Amino acid sequence: MDTALSVQGLRVWRGRSEIVRSVDLTIPSGQVVALLGANGAGKTTLIEGMLGLLPMKADKLDLFGQDVRGSQPWEMVRNGLVVVPQDRYLFTDMSVQENLELASKRSGRSQEQVFELDALYDLFPRLAERKGQFAGTLSGGERSMLAIARGLALQPKVLVLDEPSLGLAPIVVDLIMSTIERIAHSGLPILLVEQNVHQTLAMASWGYVIESGAVTASDSSEALLRSDAILSGYFAVDVESVEGGS
Amino acid sequence: MTTLKALRNTTPRQTINTLIVVASMIGAIVFPWVVDPALVGVGFIALIYAMRNFTWNIAGGLVGLLSLAHVAGFGIGAFTVAILTWGHGVNVWLAILVGMLLSGLVGIVVSSIMSRFGVNAFFFALGTAALSLAVSGIAASWSLTGEVDGLQNHTSGEGLLHLQWFLDPKPLYYVALILLVVIVCFTMWLTSRTRFGRSLPFIREDPDMAASMGIDVVRNQALTMGLSMALTAIPGSLIAQYTSFVSYESVLTLEIGILMMVGAIIGGSSTLAGPIVAGIGIAALEEGLRAFDVTSSSVSSITQIIYAAIVILILRLGADGIVPMWNALLDRLFPSREHHEVEPELESNDKEPAHA
Amino acid sequence: MLMQILVTGLLQGVIYALIGLGLFLVFNVMRVVNFAHGYFVLIGMYGLLWIAPTSLPSYLVAAMGVALFAATFGYVIERWLLEFTLHKPGHAQLVITISLGIAMQYFFQIKFPEPYQTIANPWPFSSVEILGVSVNSGRLMAAVISLALTVLISWVVYRTSLGQNLRACSQSLPGAVHVGINFPRVYRGTFAFGAAIAAIAGALLIPFQPVSPHFGLDLTIKAFIIVVIGGVASIWGTVLAGLILGLAEAAGSTFVSGSLTSSVIYLLFLLVILVRPQGLIVRKADFA
């Protein structure tokens, strides 16, 4: 089996403190891998470290067998590692169309365009209706859709989705999750970071659980779903944080 | 004596710096008697620069207000003396007090208004710059301030009461020295012994945090700004008495305001001694360039360029200024047994002016 | 007299708008508050004074030359003096640009000790009459070229993919990074471009505006006035603010002395700062 992204011994710092400690992670080609963990476990830090936004060290960081350690974030994106960030970071004073155009123009002339603009609008009919609207005026669900669509417009080889359903109504979450499943069917390797454990593991083939910056469990989705110990540990923290938040 | 006792408990750095301060103080006192009479004037200018930087730094360094309004205070000090004393025969000391009050009032009003509207640091600098330019423009077009020609001193009184000596620059030099020492001692007392003064570093580091500690940030900023600008009027008044001439070009250009800020930063605006060292330094630099037979019009230009280059270099290297660098050097040369980490508060070792 | 104010004010305003645009771009894209901007205009003015072109072609070539020089200069400044300040809080950026301006001012002072010099009129006509007002050819052509450049710049910003990248960095720096924009390169380019615009404005000014080193500071403050009044939303706000400033100056100087006019303008500016400080919000660094 081909490996899309392979990480070994990844350590990431935020300021002076080491948040992520020696993480190993593999995304096989054409599969969805889930990254689970409570709030503050270091998921976003791990992703920002991989992308080169935060200071990091790794024994190995291979993108399709090519060592990409020490690359700048924009080089990572050009090499095909696209992150759809948790905060979305849309260009608020540009229209939906312009957000997507900008990304697809940046995707490199030589790359084959898997996700054409029309295909993206097919995937997200809601965005097609909002084509001319400024991104700053979109609803939360639409923002998440636009962020994913913009990521796809960059023609990724590996897509990292950082909590695409964060803060959305359940019905919108379902819509977004099913769209992600459709994207996965196209064969794009995806690292899906989510709080929605069941829905996420349902589409993932493999899952990692991280706690305080280290991987505490890594197994096939079925095994993870069955293993109560891991899930209860994960939920214990999660339930607390949900209670605190509401 | 308490000083001897204190010496035993101090780090080598503090000992060395104390010795430097004492030596500089002695040097400053004997200076007019051991140098060429022409250099006494240079010494006086050096003291004015030092005072200017130091008083700017009360607002700029202690609470971190990057003000370009201080030149207005400097100009107010000069013009009040020119208008009241030279024009209307008011006693010069009284005029200085009036100048300080006016300037302090401007400072309080500016700071209050700025914080009232929640202006950030860049706007503060920009707004105070606009204010100084406006004041400068008014001075250049108002008959009271002599329009573009400025005002001349034609009074004939001599002596301490009139703050005027026609032939000997020494008395004015000592007046400036005493005032500088008084201002420095007052500031040291304020920052170390009063609640108000001790709150200032907290405001500089994090205004929100300071407010949550129960410090009245807006009021204390305004008072500091007022105090700082009131004191900046003093060197303005002194330079007016020294040159017997005041015009908007000589005391009210934004460049002077920028120099105060740059000078304090070069010296190290987190220290009390820094701005003074930088003030003396620039006067020495100007004099040194004159010795190199540079034409007089270029001297000040070259000094300004060197000054600007130094401050850019210091910031580029991520350093804090001359005095903090000097302290770091001493700490490296003479490491003390216990390692004292310097808190982000002000150093209280100040250096007095010595050689120009 | 009204016509006089209107014509001279608008003509001057267009040039102010061009100067303001350079600062606007730098501020808007990089969130850098460049206090040396007015001095970049002086590069253009003194550059042409030094070259002293005698014919129209040589004038145009010289103008492009100083623009190129200013762009290189701006690039170097951004790379070596500003880049390290971008993600740091504090006053380093402000003090560095102010000091750079001061250094340039006194450099010009030494290099060109004779104040208020100008160059020979490069245009093949001396003056024209517009709406009954006689206008110097240098002033007219400066306004025409400034207007053309303004339109060109707005086309680049709003219609090209280069401009799209600039706007992306301006609207969301992290967003720009996530779509693979090499933002340090965009920043360097923007700063160089801003400096080049300023220098061109200087080259346009010099045939009818005798130069003095202290113009640098005045122009910096005026450029800030324009950017603050114009707001960060669009280029056209900046252009409008430039025109307003030009008109205000023309109107003011008809009735009172020049220095008092500027005083009033500065005081009004102070008011604007107080009333809408959100006009220029300094964005916090998103990445370390």
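Let me start where two of the chains meet: 15 residues of chain C are in contact with 19 residues of chain A. Contact here means that the C-beta atoms of two residues, placed from the backbone, lie within 7 Å. On the chain C side, helix H6 (161-171) and helix H7 (173-178) each supply at least two residues. Helices (H or I, at least four residues) and strands (E, at least two) are DSSP runs, numbered from the N terminus. H6(C) gives the largest share of that side, five residues. By type, the side of chain C that touches chain A divides into six nonpolar, eight polar and one charged. For that count, Ala, Val, Leu, Ile, Met, Phe, Trp, Tyr, Cys and Pro are nonpolar, Asp, Glu, Lys and Arg are charged, and the others, Gly among them, are polar.

A note on the source. This is a predicted model, in which local features need pLDDT of at least 70 and side-chain atom pairs count only at pLDDT 80 or more, while totals for chains, interfaces and linings use all residues. Residues are numbered from 1 along each chain as its sequence is written, and chains are lettered from A and ligands numbered from 1 in the order in which they are written.

Now the other chain pairs. Two pairs of chains touch, and the most contacts are between chains B and C. No contact joins chain A and chain B; their closest C-alpha atoms lie 18 Å apart. For the complex, the predictor gives an ipTM of 0.90 and a pTM of 0.87.

Next, chain A by itself. Chain A has 10 helices and 11 strands. Of its 246 residues, 46% count as buried, where buried means 20 or more other C-beta atoms within 10 Å of a residue's own, with C-beta atoms placed from the backbone; 12 or fewer is exposed, and in between is partly exposed.

Chain A is divided into domain 1 (3-80 + 157-245) and domain 2 (94-155), with bounds from an automatic or database domain assignment. Their contact takes 12 residues from domain 1 of chain A and 11 residues from domain 2 of chain A. On the domain 1 side, helix H2 (73-79), strand E8 (158-162) and helix H7 (170-185) of chain A give two or more residues each. The largest share of that side, five residues, comes from H7(A). Its residues divide into eight nonpolar, two polar and two charged.

E8(A) also belongs to a sheet. Six strands of chain A form an open sheet in the order E7-E8-E9-E3-E10-E11, with mixed pairing; strands pair if DSSP finds at least two bridges between them. Which strands stand at the edges? They are E7 (81-84) and E11 (214-220) of chain A, each with a single partner strand, so one side of each is left without a neighbour in the sheet. Neighbouring strands are turned by 20° against each other on average, direction ignored. Helix H6 (residues 140-153) of chain A packs on this sheet, touching E7 and E8 of chain A, and its direction makes about 170° with that of E7(A). Axes are lines fitted to C-alpha atoms, for helices over the stretch in contact, and angles run from 0 to 180 degrees between N-to-C directions.

Last, confidence in chain C. Its average pLDDT is 89, and 95% of the residues score at least 70; pLDDT is the predictor's confidence in each residue, from 0 to 100. Over residues 279-288 of chain C, pLDDT stays under 50.
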